[in-house]
Amino acid sequence: MFTLLTPKARVAAFDCARGDYQHSLLCGTKSWAGSDLKGAAARNGGSYARSRESLLGRLAQAGLFVERTKGERGRTVIVIMTARERSRSKNRPAAEVAAAAIEMTTKARAAAKRKAEREKARAERQFAADLPTLEMLAHAR
């Protein structure tokens with residue numbers, strides 16, 4: 001993972017991205033260091049570096065908090081979150097705050113999915129319980 005992008009900053013960040021390369025950077029599939037460029041892209045690495053810097057500039061202009069940190073094994077990781085999320089985090093490291101926000105959102109989505117499945121199962125049980133009555137009414141007509 002090369003990008004830690006909080007759910008609240010996601011829409012604004014993707015609005016700032018121009019082109020597939022910048023979208024890939026935000027998705028975390030491309031390296032912010034440019035180490036995964038191959039062939040002609042690697043030979044034109046300067047234009048890709050300008051593209052990365054231009055994206056970071058647009059993110060900052062959009063009012064998002066952007067921080068470069070080092071991840072595991074020295075990888076460059078970009079942390080993107082709203083300014084409000086950053087101000088609430090006080091002195092905690094930005095990467096830790098973003099990871100916690102992403103985890104909390106993932107857990108909330110999973111809980112909502114489980115709740116929807118329970119409600120669907122409950123509705124199916126109620127329908128199954130009412131089915132004999134509904135069949136009797138249908139045959140009575």
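Modeller: In this predicted model, Cys 16 counts as buried, because its relative accessibility is 10% and the cut-off for burial is under 20%. Cys 27 has a relative accessibility of 42% and therefore counts as partly exposed. Cys 16 takes part in no disulfide, and the nearest cysteine sulfur to it, that of Cys 27, lies 14 Å away. Seen from Cys 27, the closest cysteine sulfur is that of Cys 16, and the 14 Å between them is too far for a bond, because a disulfide requires two cysteine sulfur atoms within 2.5 Å. The structure accordingly holds 0 disulfides.

As for the chain around these residues, the protein chain has 6 helices and 3 strands, which follow one another from the N terminus in the order β-α-α-α-α-β-β-α-α. Its radius of gyration is 24 Å, well over the 14 Å that the globule rule gives for 141 residues, so the chain is more spread out than a compact globule. Along the principal axes, the C-alpha atoms fill a box of roughly 80 × 40 × 30 Å.

Burial can also be considered for the chain as a whole: 30% of its 141 residues count as buried. The accessible surface of the protein chain is about 9600 Å², and carbon and sulfur atoms contribute 54% of this area. Among contacts with a separation of 6 or more, 47% join residues 24 or more positions apart. Finally, the chain carries 28 positive and 14 negative charges, whose mean positions are 6 Å apart.

Key
Residues numbered from 1 in each chain as written. Predicted model: local features only at pLDDT ≥ 70, side-chain atom pairs only at ≥ 80, totals over all residues. Heavy atoms only, no water. Buried < 20%, exposed > 50% of the residue type's maximum accessible area, 1.4 Å probe, protein only. Helix = DSSP H or I, 4+ residues; strand = E, 2+ residues; numbered from the N terminus. Rg over C-alpha atoms; globule rule 2.2 N^0.38 Å. Contact = heavy atoms within 4.5 Å. Areas by Shrake-Rupley, 256 points an atom, 1.4 Å probe, with all protein chains shown as cover. Lys, Arg positive; Asp, Glu negative; His and termini not counted. Charge placed at Lys NZ, Arg CZ, Asp CG, Glu CD.
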